[in-house]
Amino acid sequence: MINDWKRDGRRSRVTEVNELLTTAEMAEADRLAIALGIPGIELMENAGRAVAAAALPLARGTEVLVMCGPGNNGGDGFVAARHLAAAGRKVRVMLLGEVGRLRGDAAVMAARWDGDVHLLGPDVPGAAGVVVDALFGAGLSKPVDGAAAAAIEAVNRSGLPVVAVDVPTGLDGSSGQVRGIAVRATRTVTFFRLKPGHLLMPGRDLCGEVRLADIGIPGSVLDDIRPSAFANRREIWAGRLCLGRRDIHKYDRGHVLVVGGDQWNTGAARLAARAALRAGAGLVTVASPTAALPVYASHLTSVMLRDGEGVEGVKAALADPRRNAVVIGPAAGVGDATRDKVCAVLAAGRSAVLDADALTSFEASPEQLFGAILSDRARPVVMTPHEGEFRRLFGSVVDMDADKLARARAAARLSGAVVLLKGTDTIVAAPDGKAWINDNAPEWLATAGSGDVLAGIVAALLARGLPAPLAAAAAAWLHGAAALRAGPGLIAEDLPEAIPSVLRELRN
Ligand SMILES: NC(=O)C1=CN([C@@H]2O[C@H](COP(=O)(O)OP(=O)(O)OC[C@H]3O[C@@H](n4cnc5c(N)ncnc54)[C@H](OP(=O)(O)O)[C@@H]3O)[C@@H](O)[C@H]2O)[C@@H](O)CC1
Ligand SMILES: Nc1ncnc2c1ncn2[C@@H]1O[C@H](COP(=O)(O)OP(=O)(O)O)[C@@H](O)[C@H]1O
Ligand SMILES: [K+]
């Protein structure tokens, strides 16, 4: 069975498929399934059949080139070749290495292929109309070079549709990174559960359309594996968005305080504030420097305003305990003043969203920030850096050569905060190692002020009482969904206004 897996996250037919398995965890799933009495050869047969089903519609009257590698990925290729031939397609199998060197299930499947096996060469035969890439999958152990690299280059140059088995060859399924060179696939068929590399960039772009095939591994093996990475799907947090009762007061929906910038920099706080209201905070107040009050006042209506001059002004605004979530950082200014205000916010014990200048202000003293966060682990804190802010705050303490998922996790563990590392593949990482990868954000979200909106949404969900990792994950998804609703041409102001229709659909 193949499940269509919607790239924009709007629909996932099977709710329990949010787990993402590293290649090591997938090998463990394979081992556990076999221990439960499911023969490995049966898993491979199911895998290859699913690949053939995905390739069949692309192979109309043309020859299918199946490129097989020396391991089980190649074994899947031999199965796919057999099914495609049985369906009447002309199939040419090319193998990296000799048939005699195949081992285990792959050798069995090669023996069941009764056509010719050609040596993999550096060219794509002229008759080929579609390619099945079964060179390397989860077993990729070093950068691709030599004959495999030459073949990949030729396939990519050919412009032919490519169906990749498990992952496009050269893509590291755990990290989303390319090792050497990678196949650019039209469609990727993977098994049992998606891998992080299907969602992380650049992997996601290399996979094309991703299909998930059920090959007979029981979901119960996950009880032992306990995956810690997840695709950010609505099933994870949607149930928490609703308060679940009717007799509520606006304060039951939380009160967000946005610490605003000076009179020349009011837009960021206003965007965050409006987004927080739209995302369901019962009340939102901007606290701004005295001189900026008239500017804010002329623009704000349902968002309230109060004096928040200096650190004392911010502390005074925090005196009301009903202001239960704070956004600080958007256009706050980099320096001592912002650093002091962040410390005051954290000391007040409120849920906090630290964005932009609130992060950069600690560039020279990240330990001071981490210490303030770790001093009260019960207080929810979400940091929302883009890559530049991440580098400034974590560059000296996190291995910046590691992949994005690993970097976000390391940052969360070190800082004690939930780290939402922005981008096409936004990561939400919790200090305990759990992480969610978001993949519904369209490229037109790359527009000034959209990050401020995101900070406001996170704060609203914290104010509503969602646990910090879920607040961050839900916010990233709502942000992407709102951008999809608004469509190309989006400016940041459109995002809060698109939230209601997204929420309406979620309610339904
Ligand atoms: N898990 C499951 O449940 C199921 C898994 N299934 C399938 O099995 C696949 C994993 O199979 P796998 O472990 O045999 O690894 P695979 O990707 O074939 O590569 C290993 C071979 O390639 C070689 N090699 C690697 N990198 C190389 C390089 N850069 N350059 C040159 N050589 C390189 C490597 O050499 P070595 O590292 O040993 O020197 C070894 O010979 C998985 O992706 C899925 O398709 C399904 O059948 C259904 C059930
Ligand atoms: N290419 C992209 N595709 C999808 N989302 C993107 C892309 N580039 C940026 N984004 C999203 O847009 C937002 C930009 O935030 P940020 O960089 O803080 O901008 P600003 O500071 O102008 O508000 C983030 O949520 C980020 O994940
Ligand atoms: K492959």
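These legends go with several close-up views of a predicted model. Local features need pLDDT of at least 70 and side-chain atom pairs count only at pLDDT 80 or more, while totals for chains, interfaces and linings use all residues. Residues are numbered from 1 along each chain as its sequence is written, and chains are lettered from A and ligands numbered from 1 in the order in which they are written.

**View 1. The shell around ligand 1.**
Ligand 1 has 29 residues around it. D30, G71, N72, G137 and G139 come nearest. A residue is near a molecule or strand if its C-beta atom, placed from the backbone, lies within 6 Å of it. Helix α3 gives the most, with five. Helices (H or I, at least four residues) and strands (E, at least two) are DSSP runs, numbered from the N terminus. By class, the shell has 16 nonpolar, nine polar and four charged residues. Ala, Val, Leu, Ile, Met, Phe, Trp, Tyr, Cys and Pro count as nonpolar; Asp, Glu, Lys and Arg count as charged; the others, Gly among them, count as polar.

**View 2. The shell around ligand 2.**
Here 18 residues surround the ligand. The closest are K422, A441, L445, A446 and G451. Helix α16 (residues 450-463) gives the most to this shell, with four residues. Seven residues of the shell are nonpolar, eight are polar and three are charged.

**View 3. An annotated binding site.**
An unreviewed UniProt entry places the feature "binding site" at K422, G423, T424, D425, T426 and G451. UniProt positions are given in the numbering used here, feature names are shortened, and annotations may be inferred rather than shown by experiment. These residues are spread over 30 residues of sequence, yet they cluster in space. Their largest C-alpha distance is 14.1 Å. T424 sits in the loop between β17 (418-421) and β18 (427-429).

**View 4. The open sheet.**
The sheet has 11 strands, in the order β2-β10-β19-β18-β17-β16-β15-β14-β11-β12-β13. Its pairing is mixed. Two strands pair if DSSP finds at least two bridges between them. At the edges are β2 (19-20) and β13 (304-307), each pairing on one side only. Strands β11 (residues 255-259) and β12 (residues 283-288) pair in the parallel sense over five bridges. V259 has A287 of β12 as its bridge partner.

The axes of α17 (residues 468-486) and α18 (residues 494-507) come within 8 Å and cross at roughly 100 degrees. So α17 is roughly perpendicular to α18, a term for angles of 65 to 115 degrees. Axes are lines fitted to C-alpha atoms, for helices over the stretch in contact, and angles run from 0 to 180 degrees between N-to-C directions. Residues making the contact include L478 and H479 of α17 and D494 and L495 of α18. Two residues are in contact if their C-beta atoms, placed from the backbone, lie within 7 Å. The contact divides into nine nonpolar, two polar and two charged residues.

**View 5. Two backbone details.**
The peptide bond from M201 to P202 is cis, with omega near 0 degrees. P202 lies in the loop between β8 (187-191) and α6 (203-207). R226 has phi near 45 degrees, a positive value in a residue other than glycine. R226 is in the loop between α7 (222-225) and β10 (229-231).

Technical notes: Parallel < 35°, antiparallel > 145°, perpendicular 65-115°, else oblique.
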